[in-house]
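Here's a quick tour of the open spaces in one protein model. Have a look at the structure first, then read on.

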Amino acid sequence: MKILNVEQIRSLDAYTIKNEPISSIDLMERAAQAFVRWLCNQFVNTRPVRIFCGKGNNGGDGLAIARILSERSYDVQVYVIEYSPEASADFKTNLDRLKNHLQPSHIHSIDDFPVLGPNVICIDALLGSGLSRPAAGLLAAVIDRLNDLPNKLVAVDIASGLYADKANGNEDPIIEPDFTVSFQLPKLAFLLPQNAKYVADWHVVDIQLSEDFIKNADTQWFFTDKQTAEELIRPREKFSHKGTYGHAVLIAGSYGKMGAAVLSARACLRSGVGLLTVHAPESGYGIIQISTPEAMVSVDENKKYISQLPELESASAIGIGPGLGTDTLTVNALEKLLKTVKAPLIVDADALNILSQNRELLYKLPENTILTPHPKEFQRLAGHSTDEYNRLEIGKEFAKKYKVIICLKGANTAVIFPNGEVHFNSTGNAGMATGGTGDVLTGIITSLLAQKYTPENAAILGVYQHGLAGDRAADLKGQSALIASDVIDCLGW
């Protein structure tokens, strides 16, 4: 699914109006109907609804929503914020239509703000995605008052005061909703951690904007949903055998950190690889053999750390990093690997830390190597960022400079390509914020690379399946009880 910027969304609306054809007021009506369908599925009509409207098109959406809810026997009241004498044409049309159903109230100062009971649902239709400057004056006061209320708060399309595709200032007044209902496509702002409290639980409703326009729109931002991910999965052939699905090699583990190697190995096997060899220090031999009997073990001559490379001629893909440690001997082994590797490569955990401490090795990374840093590891690799938008730009520059693919882990993990594309993930939950889940991801992606998925598709699909397994695990165990092994057990293809 594509993510478009504000100008593109405006053009998408205009293209739909011209080519469907449909009038702008009828398109607004369609959007309002879609919003109301979502709202009615979420809240029973015994709960009062209070809608706070600006005087632009977002306010026009709010007026149309009020009329439709009134027709469905909801107890509705509308409050128009009189921050400007001007109003959009579609706002005026919907205001006129509303008069046959209910009479709106007007807020001229914050003293006019109504007293609301605890069961009231508030709807934010103050400002839309076309915001060009921070909310101020009466609008800012209304935003602050709404945020102070204990009531459920739903934002129409985007929270008022939140920019759709750039960073807000630290003091900008922004609605803090419980739900955001976006029209047709998600906004970039929804996917960044710094905006979490301004987005909350977000949903996209289809308002039948032009599929042709969306298909042809040029963007570097994408959202990996279920349909996108499932289209990447290759079915297994009836007459295939273990050789068909590749030979993965995991270089992982050190004394006291063999658990990371075990988790990565088990995830690799569970993700469909034909053969797996784990290269581990001598102290890890028995651990791997007992915990993961399906894997072969290559034993390093060093007892506690990786100090040499295994035989790699038969490797279809190589993963390195989980539990690796940063001993000098291990640094030398990683350097040798980067000089000689021929198979697709994924680098994680301590191997990333070695790269950040030995930056000359970054230039030796093979093209399309996959790096899977969490935010702190990424900061050590690429430098400090001022906000998440800036971090994405730094990530794009880093991927381009070193010709690598970055899986920047977190909620909505961002997969960044050397060509500047960023693919945000739709699966996963906060229960996965626990030790070992990153090692599981490394195993999954290594397995997909060994099965000859392209590095781009292996990264996108691996991240998606990792999050999906985490969601299944959370359903079974609850988020607080979830551990990395649960994610492996819940992998399914």
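Which element gives the most to the lining of the largest pocket? That's α1, with six residues. This is a predicted model, where local features need pLDDT of at least 70 and side-chain atom pairs count only at pLDDT 80 or more, while totals for chains, interfaces and linings use all residues. Residues are numbered from 1 along each chain as its sequence is written, and side-chain values use heavy atoms, with hydrogens and water left out.

A pocket here is an open set of points on a 1 Å grid over the protein atoms alone, where a 1.4 Å probe fits, with protein on both sides within 12 Å along at least five of seven lines; lining residues have an atom within 4 Å of a point. Volume means the space filled by probe spheres set on the points.

| Pocket | Volume | Lining |
|---|---|---|
| Largest | about 900 Å³ | 33 residues |

Nearest the centre of the largest pocket you'll find N57, N58, G128, S129 and G130. Elements giving two or more residues to that lining are α1 (6-19), α2 (24-42) and α3 (57-71); helices are DSSP runs of H or I, at least four residues, numbered from the N terminus. By class, the lining has 18 nonpolar, eight polar and seven charged residues, with Gly counted as polar.
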